[in-house]
Amino acid sequence: MLFSCLCIGTPIQAKEESIFNQRMALYKKTEALTSIPWYYIAAIDQYERNSQEETSDEQVISISIENDLWYGLGNSAMIKDETVIGFFDGIGKDGNGDKKADPKNGEDLLYTMANWILHYGPTKDDIKIALWNFYKRDLTVHSIMSTAKVFKKFQKLELKDRDFPVSIKHNYSYNNTWGDRRGFGGLRIHEGTDIFASYGTPVKSTTYGVVEMKGWNLYGGWRLGIRDINNIYHYYGHLNGYEDDIEVGKIVQPGDVLGSVGSSGYGPPGTSGKFPPHLHYGMYKDNGYSEWSFDPYPYLKKWERMTKQK
């Protein structure tokens, strides 16, 4: 007996595709109601999602607004009627037409946030001002605007591809060096993984993101910093040089060549050769309050496997 198999993906994959589709539909609906481009709304939601603690039950919409701001000071009964909320100078809006402005309803949250932005104006600069007045944090505004640029360029939410940061067609080696002691410039820990390779080995973007930093650093030499859509900053240190088109503000995707492996650093601009050539690769997480280094080694092993399977 012959059996046929129709492979349509795992239940987890189907659930992920469904949630991305739901989000996009809500973002586009909010854009239609307010004229605020969907990618700004999506970037705000993405930022909040990645600033919150992970849960087993992922919400479709992750934006949260404090009760005092939503209902207004004095609305202690938290009445959801828009007229009452407006009387108390709250910002909550009814986005789904059920006559209630509910801070736990995704459509209401998106519509309210979009109207908060619209209060300041529809231009890019207006949106930046609105975001600063909501979050009161420059890095948050910068991260949201960078994510919006990525969503606008690729016109989709599901950007899960990754790449290894050095060309796997060249010889390279690495171990888990995160947390090791370093002495140059004072006793400190090593905030990354060193990937050893020959001079000139291509260095690539591991993720979708925007180039945030380029130039010389006393420790990292010629280095690059890329902010991705998951509130993570990717640091590339000790480069030999950059690709001609790599500039601050450039949108990159996995596999884009950024520069090449070198041994720059540990001195004034131009210092090189104080250690064997390698790429220092670091990752820093932002939770909306602070930014900290974490171990990139497990991610590098996973991305290495993914790259070899392409």
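Reader: At what angle do α2 and α6 pack, and are they roughly parallel or oblique?

Author: In this predicted model, the axes of α2 and α6 lie 12 Å apart, and the angle of their packing is about 25°.

Reader: Which residues make the contact of α2 with α6, and how do they divide by class?

Author: The crossing of these two helices, α2 and α6, is right-handed. From α2 the contact takes Tyr40, Ile44 and Glu48, and from α6 it takes Lys124, Ile127, Leu131, Phe134 and Tyr135. By class, the residues of the contact of α2 with α6 are six nonpolar, no polar and two charged.

Reader: How does α2 lie relative to α7, and what is the handedness of their crossing?

Author: Between α2 and α7 the packing angle is about 130°, and their axes are 8 Å apart. That angle makes α2 oblique to α7. As for the handedness, the crossing of α2 and α7 is right-handed.

Reader: Which residues of α2 and α7 make that contact, and what is its make-up by class?

Author: On the side of α2 the contact is made by Trp38, Tyr39, Tyr40, Ala42, Ala43, Ile44, Gln46 and Tyr47, while α7 brings Thr140, Ser143, Ile144, Met145, Thr147, Ala148, Phe151 and Lys152. Sorted by class, the contact of α2 with α7 has eleven nonpolar, four polar and one charged residues.

Reader: How are α6 and α7 oriented to each other?

Author: Helix α6 spans residues 124-135 and helix α7 spans residues 138-154, and their axes come within 9 Å and cross at roughly 135°. The crossing in which α6 passes α7 is right-handed. With that angle, the two helices α6 and α7 are therefore oblique to each other.

Reader: Which residues meet where α6 contacts α7, and how many of them are nonpolar?

Author: Lys124, Ile127, Lys128, Leu131, Trp132 and Tyr135 in α6 meet Asp138, Thr140, Val141, Ile144 and Met145 in α7. Alongside one polar and three charged residues, the contact of α6 with α7 has a nonpolar count of seven.

Reader: Which helix gives the largest share of the lining of the second largest pocket?

Author: At least two residues of this lining are supplied by each of α2 (38-51), α5 (106-120) and α6. The largest share of the lining of the second largest pocket amounts to three residues, and they come from α2.

Reader: How many cavities of 30 Å³ or more are there, and what is the volume of the largest cavity?

Author: A cavity is a set of points where a 1.4 Å probe fits but cannot get out, and by this rule the count is one cavity of 30 Å³ or more. The largest cavity has a volume of about 40 Å³.

Reader: Which residues line the largest cavity, and which helix gives the most to its lining?

Author: The largest cavity is lined by Leu26, Lys29, Thr30, Leu33, Gly95, Glu107, Leu110 and Tyr111, and by class this lining has four nonpolar, two polar and two charged residues. Both α1 (11-34) and α5 supply at least two residues of the lining. With four residues, the helix that gives the most to the lining of the largest cavity is α1.

Terms used
Residues numbered from 1 in each chain as written. Predicted model: local features only at pLDDT ≥ 70, side-chain atom pairs only at ≥ 80, totals over all residues. Heavy atoms only, no water. Axes fitted to C-alpha atoms, helices over the stretch in contact; angles between N-to-C directions. Parallel < 35°, antiparallel > 145°, perpendicular 65-115°, else oblique. Left-handed = near helix turned anticlockwise from the far one by under 90°. Contact = heavy atoms within 4.5 Å. Nonpolar A, V, L, I, M, F, W, Y, C, P; charged D, E, K, R; others polar. 1 Å grid on protein atoms, 1.4 Å probe; cavity = no way out; pocket = protein on both sides within 12 Å on 5 of 7 lines; lining within 4 Å. Points joined across faces, edges and corners; volume = space filled by probe spheres on them.
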